[in-house]
Amino acid sequence: MKIGPSISVQPLEYDKRFEQYGSNFTFYNYNFPEQLPSESNHAYQVVVADPPYLEHGILGQSCETIEFLARPRESYLLLPTGEGQKWTAAELLNMHPCGFRP
């Protein structure tokens with residue numbers, strides 16, 4: 001899937017209703033964080049992770065996926081989450097809230 005002339009997007013989703021999009025969809029189950037196509041390994045400069053319920057365990061499994069997908073030392077991560085998860089995100093990903101408020 002392309003957003004712009006040089007930006008490709010690959011949604012990872014548990015909901016198999018997205019299979020209707022063919023190769024523009026990758027099935028993903030956070031219980032198996034690295035069960036993804038090998039061509040996805042370190043393939044993305046930008047990773048947007050929006051795990052279902054951000055508890056420590058689920059976010060931990062999602063971190064494994066993020067590390068699998070992201071280009072080492074040259075990637076950006078967006079983690080939309082609530083105030084209650086800022087400590088977990090800091091502990092697991094060394095991420096801290098930015099000043100943006102929707």
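**Pockets and core in a predicted model**

Mentor: Let's start with the largest pocket, which holds about 860 Å³ of space. Keep in mind that this is a predicted model.

Trainee: OK, how many residues line the largest pocket, and which lie nearest its centre?

Mentor: The lining has 27 residues, and Gln 10, Leu 12, Val 47, Val 48 and Ala 49 lie nearest the centre.

Trainee: Which elements each supply at least two residues of that lining?

Mentor: Those are strands S2 (7-8), S3 (12-13) and S5 (46-48), plus H1. The largest share is from H1, with four residues.

Trainee: And by class, what does the lining of the largest pocket have?

Mentor: There are 17 nonpolar residues, seven polar and three charged.

Trainee: What about the second largest pocket, what volume does that one have?

Mentor: About 440 Å³. It is lined by 16 residues, and Leu 79, Pro 80, Thr 81, Pro 97 and Cys 98 are the closest to its centre. Strand S6 (76-78) and helix H2 (86-93) are the elements that give two or more residues to this lining.

Trainee: Switching topic: in the largest nonpolar core, which residues touch the most other members?

Mentor: Leu 36, Val 47, Leu 59, Leu 69 and Leu 79 do, out of 13 residues in that core. Helix H1 (residues 56-69) gives the core its largest share, five residues.

How values were computed: Residues are numbered from 1 along each chain as its sequence is written. This is a predicted model: local features need pLDDT of at least 70, side-chain atom pairs count only at pLDDT 80 or more; totals for chains, interfaces and linings use all residues. Side-chain values use heavy atoms; hydrogens and water are left out. A nonpolar core is a set of buried Ala, Val, Leu, Ile, Met, Phe, Trp, Tyr and Cys residues joined through side-chain atoms within 4.5 Å. Buried means under 20% relative accessible area, exposed over 50%, partly exposed in between (1.4 Å probe, protein chains only). On a 1 Å grid over the protein atoms alone, a cavity is a set of points where a 1.4 Å probe fits but cannot get out, and a pocket is an open set with protein on both sides within 12 Å along at least five of seven lines; lining residues have an atom within 4 Å of a point. Grid points are joined across faces, edges and corners, and a volume is the space filled by probe spheres set on the points. Ala, Val, Leu, Ile, Met, Phe, Trp, Tyr, Cys and Pro count as nonpolar, Asp, Glu, Lys and Arg as charged, and the others, Gly among them, as polar.
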